[in-house]
Amino acid sequence: MEKIYLDYAATTPVRPEVIKAMEPYWSEIFGNPSEPHGWGQQARVAIEESRNKIADFLGAKTQEIIFTSCATESINLAHKGLVEAVGNRSSVAGKPHVITSEIEHKAVLETCRHLEKSGMAEVTYLPVDKYGLVKVKDLEKAIKSNTVLVSVMYVNNEVGTIEPIAEIGQMIKVKSQKYGRKIYFHTDATQGIQYLDCHVDKLGVDLLSFTGHKFYAPKGVGVLYVRDGVPLIRQQDGGGQERDLRSGTENTPYIVGLGRAVELVGGEGKLRAIELTKLRDK
């Protein structure tokens, strides 16, 4: 019996073009990218080329792109790293306050619960309407003088709701001006990467996370975008890779594959979105 796979929101196969891009980095260009010799520097060049591709896709600076193992790791680094950094600075009166929605991915919800249980932060979980939308007015009302982070996903992974991220980003900017200090904004863009505009300035986000295996890159590689000036404390100690924010030898083949997948998405995303919208409406 022929089988038809319809669970692409959970994971995708790796595209042939991505596999081809990765192949040389398994056994030919195999050096450790942190080493100064030729083998290592060949790998370093490949990693930085992928970093440039992803930065271009997001409208970001290359130094704002941090490679991780997945979106879950990126989210943990963003939330825990920011709360810890802000708490250490003592720039907020009282315990740092985080706002998120009730329908976030478990990577966000469980990280927020950890912050609560450990006493590092207080968290507000916003309800959504019958369509799964976060109401901007509800979010605005939830912001307090000690709010340091708002985290709302771009596209819901269960029902596909597209949240008003740009509108939220603009509101947070106004609120930050009112309080005279920065309220940081994170979005989990994992389900939006291959369909929607993810330009970070248009969205108004300070932190953005995604993983590769939702758009034809391999499992085991992800990204955290960190806007210049956002305070983060690393959650993984070691050799100081990735701007000293994510230690560990970089996974060169997977990073190369991620860069190629982003390149393909950048050229095909709008057309794919149009085709899928027609199918959905039908």
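Q: Which residue in β6 is the bridge partner of threonine 187?

A: This is a predicted model. The bridge partner of threonine 187 in β6 is leucine 208. To read such pairing, one looks at the strands on either side and at their direction. Strand β5 (residues 184-188) and β6 run parallel and are joined by 3 bridges. On β6 and strand β7 (residues 222-226), the pairing is antiparallel, over 5 bridges. Leucine 208 has a bridge partner in β7 as well, namely tyrosine 225.

Q: Why is strand β6 described as largely enclosed by the rest of the structure?

A: In a regular strand, side chains alternate between the two faces of the sheet. One therefore checks burial, which means under 20% relative accessible area. In β6 (residues 207-211), 5 of the 5 residues are buried, so the strand is largely enclosed by the rest of the structure. Leu207, Ser209 and Thr211 cover one side, while Leu208 and Phe210 lie on the other.

Q: How many aromatic pairs does the structure hold?

A: The structure holds 4 aromatic pairs. One of them joins tyrosine 5 and tyrosine 8, a tilted pair with 5.1 Å centre to centre and 50 degrees between the planes.

Q: Which residues do ring pairs link into a cluster?

A: The cluster consists of Tyr5, Tyr8 and Tyr216, linked by ring pairs.

Q: Which residue lies over the face of tyrosine 216?

A: A ring may also have a charged side chain over its face. Arginine 15 is placed in this way over tyrosine 216, at 5.9 Å from the ring centre. Lysine 178 lies over the face of tyrosine 179, at 5.7 Å from the ring centre.

Q: How many cavities of 30 Å³ or more does a search of the whole structure find?

A: The search finds 1 cavity of that size. The largest cavity has a volume of about 30 Å³. Its lining is read residue by residue: Arg15, Phe215, Tyr216, Ala261, Leu264, Val265 and Arg272. By class, the lining of the largest cavity comprises 5 nonpolar, no polar and 2 charged residues. Arg15 and Tyr216, noted above for the charge over a ring, are both among the lining residues.

Key: Residues numbered from 1 in each chain as written. Predicted model: local features only at pLDDT ≥ 70, side-chain atom pairs only at ≥ 80, totals over all residues. Heavy atoms only, no water. Phe/Tyr/Trp six-rings, centres within 6.5 Å; stacked < 30°, edge-to-face > 60°. Lys NZ or Arg CZ within 6 Å of the ring centre and 35° of its normal. 1 Å grid on protein atoms, 1.4 Å probe; cavity = no way out; pocket = protein on both sides within 12 Å on 5 of 7 lines; lining within 4 Å. Points joined across faces, edges and corners; volume = space filled by probe spheres on them. Nonpolar A, V, L, I, M, F, W, Y, C, P; charged D, E, K, R; others polar. Buried < 20%, exposed > 50% of the residue type's maximum accessible area, 1.4 Å probe, protein only. Helix = DSSP H or I, 4+ residues; strand = E, 2+ residues; numbered from the N terminus. Pairing = 2+ DSSP bridges.
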